[in-house]
Amino acid sequence: MPPITAVILGAGGRGSVYGGYGLNFPQNMEIVAVAEPRPDRLARFATQHDIAPSHQFASWEDVMKAGKIADVVINCTMDRMHIDSTLAALETGYDVLLEKPMSPVLHENVRLVQAAEEYGRHLQVCHVLRYSPFFEAVRGVVQSGKLGRIISVDHRENLVYWHMAHSFVRGNWRNLAEAGPMILAKCCHDFDILYWILRTPVAWLSSFGSLTHFRPENAPEGAPLRCTDGCPAANTCKYNAVPLYARDVNGWPWNAVELMPTVEARMEALKTGPYGRCVYHCDNDVVDHQTVNMELVDGTTVTLLMQGQGNEEGRTMRYDGTHATLYGRFVAGRYSLTIRYHQTGEEEIVPIIAKDESGHGGGDFGIVHSFVNALRGTPDDSVTTARESLESHLLAFAAEESRLEHSVINMAEYRTRVEGEARQKYAL
Ligand SMILES: NC(=O)c1ccc[n+]([C@@H]2O[C@H](COP(=O)([O-])OP(=O)(O)OC[C@H]3O[C@@H](n4cnc5c(N)ncnc54)[C@H](O)[C@@H]3O)[C@@H](O)[C@H]2O)c1
């Protein structure tokens, strides 16, 4: 079978990850074109994949003007760009692998689902955690019945403090108007995982949270606007950008500051770029902690907690059933999953069998394998179609509405209302 040919839109962090899939699995995918406005990124990516000059584009719009030049599009542009570029790709005749979130604008998510169905294209969303061996194991345990009937679930998304500062205070997802709510950007994965594991829709939802810490009134006395401008708290502030980004390592998050992989180039970028800013003097307005309470239609209760003051990065969880409790840790490459049986007191360690070294515990390449298999006519039962992914996005938007209005959301009414509003807005 020949490899599927792909165009990558956006050769940033995620574009490089999926580019890496093409290099590691050339029998499955060949990257034949790229769109990227930053000349350094474009040149680097084109060289890595030996892409002909005629197939190197400065924007996704130019790709669409060229007509259909490959089998699929992998859309790794930033969130706000997803809607127009994906609609254009579907219309041009491409099947699309789209980064999450589908869109930070509520009704646009429905529009994307409708468009994929209308054009009869495969639109798959990068909910990569479904393809990590850890979450496959959690799902396996829950669905095996070993825990009995699940009564309650407690799932936490703990961001290590510097990741919070990097992405949600200084970086791409700091601002509602630019990137949408943090509970969508960070936790559409978690809503998706919970839905995929429990397979039961949410009936009721409420949420609380706020931006508590990263505010000007919490800045150390005399702190300038940039860490590079002689801050009096340089030695005591854990967010001081200079030591955070001075480590002589490559990859994320260092490559987000500056693509050139040297400490000197990165230090220079801190003087003018977003990542050198004092975390108390940024244009951030997304929350730094939020909780979501859910009641499923079968009465199971689920809490999701997202917070940005962790000492380590990772997800932790427990599932309490009528026979046993499952404890899980998906933390910085160290996973553990343990069942404790109530009656016997017995403990069972659940093995996690690693697949590959790709990010998100192997999920980054797993999602592309799944996309390729779906296109070759052998989809797996976890495939994250746009329709399937809509649920996680609606839950995130409902949580944001509840947080802002201090209301309890009836999810059945919410789904109907949003679909109706989208139909009216886009004359679907
Ligand atoms: N699945 C996950 O776990 C996961 C993790 C991180 C990010 N993401 C998502 O992936 C997407 C990309 O994030 P990223 O971290 O790679 O961001 P990034 O900023 O590193 O990459 C985006 C790239 O798009 C390029 N771009 C801008 N305008 C363009 C245009 N008109 N045409 C083509 N390219 C254009 C930018 O120059 C940039 O290089 C976002 O939607 C983000 O939310 C998903």
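Helices H6 and H9 cross in a right-handed manner, that is, with the near helix turned clockwise from the far one by less than a right angle. The model is predicted, with local features requiring pLDDT of at least 70 and side-chain atom pairs counted only at pLDDT 80 or more, whereas totals for chains, interfaces and linings use all residues. Residues are numbered from 1 along each chain as its sequence is written, and side-chain values use heavy atoms, leaving out hydrogens and water.

**Packing of H6 and H9**
- The axes (lines fitted to C-alpha atoms over the stretch in contact, with angles from 0 to 180 degrees between N-to-C directions) of H6 (residues 133-144) and H9 come within 9 Å and cross at roughly 35 degrees.
- Helices are DSSP runs of H or I with at least four residues, numbered from the N terminus.
- Phe135, Glu136, Val138, Arg139, Val142 and Gln143 of H6 meet Ile193, Trp196 and Ile197 of H9, in contact meaning heavy atoms within 4.5 Å.

**Domains**
- An automatic or database assignment divides the protein chain into domain 1 (4-129), domain 2 (130-214 + 285-426) and domain 3 (216-276).
- The C-alpha centres of domain 2 and domain 3 lie 31 Å apart.

How values were computed: Helix = DSSP H or I, 4+ residues; strand = E, 2+ residues; numbered from the N terminus.
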